[in-house]
Amino acid sequence: MNEYYMIAPKEKGSQKFAKGVKSVCKKLYASKKAYLFLLPLFFFLLTFSYFPAISGIYHSFFDWKDSGEATFIGIENYKELFSDAVVFWPSCITLLKIMLPKLIINIVVPFVVAEMIFNLKSDKAKSNYRLWILIPMVAPGVVTTLIWDYIYDPNFGAITAIWKLFGGEPIDWLNDTRTAIPAIIFMGFPWIGGTNVLIYISGLNSISAEARESARLDGAGTFRIIFSIDLPMIFGQVKFFLINGLISGIQDYSVQFLLTNGGPGYDTMVPGYYMYQAAFQSGRMGYASAIGTFLFVIIMGLTLISFRLGKKKEVDA
Amino acid sequence: MKKKISAGQVADHAILLMLLALMVYPLFMAVWCSFKSNAEFNLSKWYPTLPLNFENLFYAAEALYVFILNTILVGGAGTLGMLIVSSLAAYAFARMKFFGKNLLFMMVIGLMMVPAIMTLVPSFMLYKKMVGTDTYLILIIPIITGGSVFGVFLLKSFFEGLSESIFEAARIDGAGDLTCYWQICIRLSVPILTTLAIMQLSGAWNDYIWPMIAIPTDTMKLTIAAAIKKEFLSANTGSYPSLFAGYLISSVPLILLYVFANKFYVEGLTNAAVKF
């Protein structure tokens with residue numbers, strides 16, 4: 001702290017102040033200029049980030065109505081939530097059924113494609129492919145999802161057309177108990193558009209060419225190099241996609257929101273959408289806050305585990 | 001001398017091209033179908049045809065331009081606010097010494113662990129009380145707040161990387177912190193600020209759940225992605241060419257960014273993916 005007093009000339013009289021509270025006040029006062037720079041940020045963060053987070057946990061113990069009226073009811077919301085075997089627990093299973101395959105797909109497929117682009121000889125082709133990979137990002141997410149709705153259309157859609165070619169009966173893919181979940185997982189096929197491929201490629205680029213070259217001279221084939229050199233070196237990226245995918249996957253209910261409404265029945269219901277419905281369709285803000293808090297605890301747990309894993313090796317995606 | 005092209009390379013190219021074709025086909029199909037009349041669409045939806053029919057696009061542009069303007073207003077104001085708020089704070093964290101710095105920085109970074117889904121409901125209740133639904137502010141403030149955590153994180157490390165000698169020289173010339181902030185940090189970080197701005201703008205462009213909750217009745221204030229879902233979709237049920245035209249119109253600004261600011265756009269996207 002000493003060098004800090006040197007650049008704060010207003011601090012000349014600090015000797016007469018004893019230690020303790022007064023010196024803290026003095027330090028605070030001396031930092032006033034920096035606090036002015038921080039003031040706008042902390043105004044927004046305290047009011048609009050910290051306050052709602054705490055308010056959410058707090059109100060999960062209340063019967064909190066749409067109107068703002070709140071009555072304390074203890075752990076009733078949680079009791080109701082955890083004993084709900086019709087919607088809530090099945091929705092957690094559904095979440096896993098949708099999220100885990102998507103997670104694996106989004107880690108493996110972009111890696112394969114990244115290797116395919118990376119192993120091309122022509123640099124020009126490499127950069128062209130990298131540009132093309134990003135094209136799907138120019139459509140807003142809502143548009144991409146709605147286009148997939150069209151692809152699944154039982155009358156006009158491409159999937160139905162192909163299905164009919166093989167003599168299948170028309171199926172309403174997203175509205176049929178048998179196909180709704182697989183259809184959601186299949187969305188986005190071939191799952192390569194976006195940034196994952198690029199992040200993998202930049203990881204592959206950072207591996208030293210010498211290691212690769214000497215392995216090749218020792219007679220290692222391309223696949224051998226991929227498994228023994230590339231995979232261990234890009235483990236950081238894999239871990240990043242895994243954790244990030246889990247955290248965003250738990251929160252994602254865009255398909256339910258845009259297309260299925262959790263149906264047919266509760267077949268595609270996920271906890272996030274259940275929370276949305278509780279709050280904005282039934283007006284049960286307290287119950288919704290309990291679901292939100294539950295998801296927060298799960299995500300927090302995953303984040304802490306990831307930090308522990310991260311200590312062994314830095315993630316630099 | 002002719003380079004020898006191995007069979008492996010040819011196969012590699014062939015598979016990649018096939019995957020890319022599968023990837024872009026649905027999007028391209030939506031593009032060419034938006035140039036078809038309903039009759040043409042029923043006959044030939046799988047491939048492009050001439051003549052191009054611009055009616056759908058004019059219709060969609062007319063129906064959607066208000067929402068595009070809304071998004072530019074809301075996203076622009078929110079992004080500008082976010083840039084100011086987070087660059088000021090990043091300057092303090094990177095170049096000033098003050099009491100409680102680590103604690104305050106932890107308070108900022110710690111928010112990355114609070115998932116958006118948890119704060120959705122209580123945020124709505126707070127905004128409803130403080131600024132009211134059906135206002136532009138209820139859309140702008142979350143952009144400032146949500147973006148600034150990552151903004152501080154990114155800008156702090158950039159400002160820290162600037163050479164101390166520039167600042168010393170400025171101080172000798174009598175420059176205070178505000179001058180250092182504005183004349184040095186902001187001037188030198190235009191590229192990274194642009195990247196951050198594009199990230200934030202495309203975030204605002206893509207968001208639909210919050211705008212749909214926050215604007216329950218005054219639908220003319222919706223942003224584009226929300227308007228597509230709430231207004232445009234139900235008004236054009238079954239008429240796929242008009243729908244696709246709407247999708248195309250709503251993508252135009254992002255397409256422009258991709259074409260004219262590709263470097264910043266790609267960086268913004270990759271940053272967004274690294275964002276934790």
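1. A residue counts as buried if 20 or more other C-beta atoms lie within 10 Å of its own, and as exposed if 12 or fewer do; in between it is partly exposed. That cut-off decides the case of W191(A). This residue has 20 other C-beta atoms within 10 Å, so W191(A) is buried. Bear in mind throughout that the model is predicted.

2. W191(A) deserves a check of its backbone too. Its phi is positive, at about 60°, although the residue is not a glycine. W191(A) belongs to the loop between α9 and α10 of chain A. P190(A) lies in the loop between α9 (180–186) and α10 (195–205) of chain A. The peptide bond that joins F189(A) to P190(A) is cis, with omega about 0°.

3. N261(A) is another residue to look at. It is not a glycine, yet its phi is positive, near 55°. The residue is found in the loop between α14 and α15 of chain A. Is N261(A) buried or partly exposed? It has 14 C-beta neighbours inside 10 Å, so N261(A) counts as partly exposed.

4. Next, helix α15 (residues 271–280) of chain A. Nine of its 10 residues are buried, so the helix is largely enclosed by the rest of the structure. The buried set of α15(A) includes P271(A), G272(A) and Q277(A). Also in that set are Y273(A), Y274(A) and Y276(A). M275(A), A278(A) and A279(A) complete the list.

5. Now the contact between the chains. Chain A supplies 73 residues and chain B supplies 66 residues. Which helix gives the largest share of the side of chain A that touches chain B? Helix α3 (residues 32–59) of chain A does, with 17 residues. By class, the side of chain A that touches chain B has 53 nonpolar, 17 polar and three charged residues.

6. Helix α7 (residues 141–151) of chain A is mostly covered, with eight of its 11 residues buried. These are V142(A), V143(A), T144(A), L146(A), I147(A), W148(A), Y150(A) and I151(A).

7. Angles over 145 degrees count as roughly antiparallel. The crossing of α7(A) past α12(B) is left-handed. From α7(A), the contact uses V143(A), L146(A), I147(A) and Y150(A). From α12(B), it uses Y240(B), Y247(B), S250(B) and S251(B). This contact of α7(A) with α12(B) has six nonpolar residues, two polar and no charged. On the spacing of such residues, a general point applies: an α-helix has 3.6 residues a turn, so residues three or four places apart point the same way.

8. Helix α6 (residues 137–161) and helix α9 (residues 190–206) of chain B pack at about 155°, their axes 11 Å apart. α6(B) and α9(B) are therefore roughly antiparallel to each other. Their crossing is right-handed. On the α6(B) side the residues are I143(B), G147(B), G151(B), L154(B), L155(B) and F158(B). They meet I192(B), L196(B), Q200(B) and A204(B) in α9(B). Seven residues of the α6(B)–α9(B) contact are nonpolar, three are polar and none is charged.

9. Finally, chain B as a whole. How many helices and strands does the secondary structure of chain B have? It comes to 13 helices and zero strands. The radius of gyration of chain B is 24 Å, well over the 19 Å that the globule rule gives for 276 residues, so chain B is more spread out than a compact globule. Its C-alpha trace spans about 75 × 70 × 35 Å along the principal axes. Of the 276 residues of chain B, 43% count as buried. Among contacts in chain B with a separation of 6 or more, 74% are between residues 24 or more positions apart.

Notes
Residues are numbered from 1 along each chain as its sequence is written. Chains are lettered from A and ligands numbered from 1 in the order in which they are written. This is a predicted model: local features need pLDDT of at least 70, side-chain atom pairs count only at pLDDT 80 or more; totals for chains, interfaces and linings use all residues. Two residues are in contact if their C-beta atoms, placed from the backbone, lie within 7 Å. Helices (H or I, at least four residues) and strands (E, at least two) are DSSP runs, numbered from the N terminus. Ala, Val, Leu, Ile, Met, Phe, Trp, Tyr, Cys and Pro count as nonpolar, Asp, Glu, Lys and Arg as charged, and the others, Gly among them, as polar. A crossing is left-handed if the near helix is turned anticlockwise from the far one by less than a right angle, and right-handed if clockwise. The radius of gyration is taken over C-alpha atoms; the globule rule is 2.2 Å times the number of residues to the power 0.38. Axes are lines fitted to C-alpha atoms, for helices over the stretch in contact, and angles run from 0 to 180 degrees between N-to-C directions. Angles under 35 degrees count as roughly parallel, over 145 as roughly antiparallel, 65 to 115 as roughly perpendicular and the rest as oblique.
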